[in-house]
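Colleague: I'd like to go through this one label by label. Tell me what each call rests on.

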Amino acid sequence: MAGRINDEDVKAVRDAVPIDAVVSEYLQLRNAGGGNLKGLCPFHDEKSPSFQVSPSKGFFHCFGCQEGGDTITFVMKIDHLSFSEAVERLAGQAGITLRYEEGGYNPSHQRGERIRLVEAHKIAAEWYAEQLATSPEADTGRVFLAERGFDQAAAVHFGVGYSPQGWDHLTRFLRGKGFTDKEILLSGLAQEGRRGPIDRFRGRLMWPIRDIGGEVVGFGARKLYEADNGPKYLNTPDTAIYRKSQVLYGIDLAKKDIAKSSRAVVVEGYTDVMACHLAGVTTAIATCGTAFGGDHIKILRRLLMDNGSARVIFTFDGDAAGQKAALRAFEDDQKFAAETYIAIAPDGMDPCDLRLAKGDEAVADLVEPRTPLFEFALRQIVARYDLDTPAGRAAALDEAAPIVARIKNSGAQHEVAVQLAGMLGILDTQFVVKRVAQLARWARDRGGKGPAPDRHQPASQQYASAQPSAAPRGPALNLRNPVYATERELLKLALQRPELVSPAFDAYGADEFTAPPYAAVRLAIQDAGGAELGVADPQDYLVKVREAAPDDAVRAMVTELAVEAIMLRRAVDEPYAGAQLVTVRRRAVERRIRDITGQLTRLGTQGDPAQLAAVQNELWVLQQYDQTLREHGAAAL
């Protein structure tokens, strides 16, 4: 058969490229014992890894979906290539020149369509980059980058280029490299004009978009000239190698650090990715002209491997469009096993603007976990209603409850329902919990089955089931839920760095910790002598706290919190500790304000005047205190 690759060359390719090196480009692998590696299968959705790779044998197999084969088979399946296309791609990586049985050496007309389109994009990316570096016309693009804090080295690192304003500069260049007009049109680099193909991108800054394997598959192009009547950003159309819903800009640069740190930062634009990476946030990625969706989640899940401590932080502009994007992301929140957060910069600046205004450290600080995404989404909904009236609270509940009901984990659903009751100022928490559970039950009935039970429970989540007296009625607590993230962080600081939270921490009551296990740890610290003891006697402090614990479950929790890493990636300092103190205290104040607001609503105008005045006075004092905390932070404690 014409064009058949020589068998010896196929074997050489198979032997030259280790299967674990290839698979690791697409998903995170961990030791499975016996010399094997394991990860989340890229060919079907799963919660725990059943996909195994044997480097010594050169094979992979999924015990869930039964997919398996060698390195070539994996590349064929993961990138939807023919056998020859997969061999050609791997040969290119290994530097092997292939021989064809009936056609000489590697003739271009026999290469697969996908390989040709990828080659065209690689050549185009190099040409665009050369234009930016050397062309006088590209000075507009160089100024654009410089004004945003990006020098030539940054442009080279990210492969940024420039497309000239003429009609067919790139088209003529690709023809000179042996590409046909049909291939150039199929690639999306050109479009049909009156007299043949013309360049799709003209007079724009060009960002190459790479797939997870590092191949250039498309471009994002930014308008530079007022005379350009096109959109601000123009992306490659969907082609045989590019689907905007299935690519993430920067994933090729970020994938290793995402897998290593179990953390991903989702930003909104190409310059935001650049700013984050240059500021040291090397896990930043962005979508390409589309909303963050299910296919993007699949890419991240394979890298995060559904690690229980994994975090995905979304950064959105503080304007209405940014809030809408956050709510869209929340719609898919339950497809993650990772905890999801939202970070909005002061004054609504995006990471690129923030880096210009306040430097790299401000960008790094921005993406530290702040507000759980579910909390932000619910607050955006609740804020649209008048919670001072029963009708307003009921309407807010009607909109928010179905969203909470979509949470698959029953324990997390219960906890968020409790928090929703607090946001709404509804004192009868069980009413909200039952309403959410009812909606979830109806949804399960319509779908034919309910959510699958959790098969794995981290040790840190077992406290509630081990301590029925401490746990609330209903589903077991998930202490890793973002609802309790700040409380957990503050307790870790009190145990590990008491000098940063003392003496303010010792004035906190156990009731300021809403998770009963955390309240129990707070009491153990208090009974041992408080955080002040940790400052005065750091050697025996943790021993005494453990001794003060009433039982083994609380002792285990103290140990866990004492050794668990603090979430802050940079050195822990007083401002960070102060932020945790303020957040826990403000949430306690807000809970009390909601309780009093509900009490005032019940008293109405018919209540006892003296009682009404006392309640109104307490509300005023709390509101003033909350404002002081908001304005002055830890200094007000």
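Modeller: Let's start with Asp 228 and Arg 204, whose side chains meet in a salt bridge at 3.1 Å, N to O. Before going on: this is a predicted model, where local features need pLDDT of at least 70 and side-chain atom pairs count only at pLDDT 80 or more, while totals for chains, interfaces and linings use all residues. Residues are numbered from 1 along each chain as its sequence is written, and side-chain values use heavy atoms, with hydrogens and water left out.

Colleague: Why is the contact between Asp 228 and Arg 204 called a salt bridge?

Modeller: The term asks for a side-chain nitrogen of Lys or Arg within 4 Å of a carboxyl oxygen of Asp or Glu. Here N to O is 3.1 Å, so the pair qualifies under the within 4 Å rule. Asp 228 lies in the loop between strand E10 (216-223) and strand E11 (233-235), and Arg 204 in strand E9 (residues 204-210), so the pair ties together parts that are 24 residues apart in sequence. Helices (H or I, at least four residues) and strands (E, at least two) are DSSP runs, numbered from the N terminus.

Colleague: How many salt bridges does the structure hold?

Modeller: The count is 32. Some are linked: Arg 586, Glu 590, Asp 626 and Arg 630 make up a network.

**A sheet and a helix across it**

Colleague: How do you know that strand E2 and strand E3 are paired?

Modeller: Two strands pair if DSSP finds at least two bridges between them. E2 (residues 36-39) and E3 (residues 51-54) have three bridges, in the antiparallel sense. One example is Lys 38, whose bridge partner in E3 is Gln 52.

Colleague: Why are strands E1 and E5 said to stand at the edges?

Modeller: The open sheet has five strands in the order E1-E2-E3-E4-E5, with antiparallel pairing. Strand E1 (30-33) and strand E5 (68-70) each have a single partner strand, so one side of each is left without a neighbour in the sheet.

Colleague: What lies across E3, strand E4 and E5?

Modeller: Helix H3 (residues 71-79) does, running at about 120° to E5. Axes are lines fitted to C-alpha atoms, for helices over the stretch in contact (heavy atoms within 4.5 Å), and angles run from 0 to 180 degrees between N-to-C directions.
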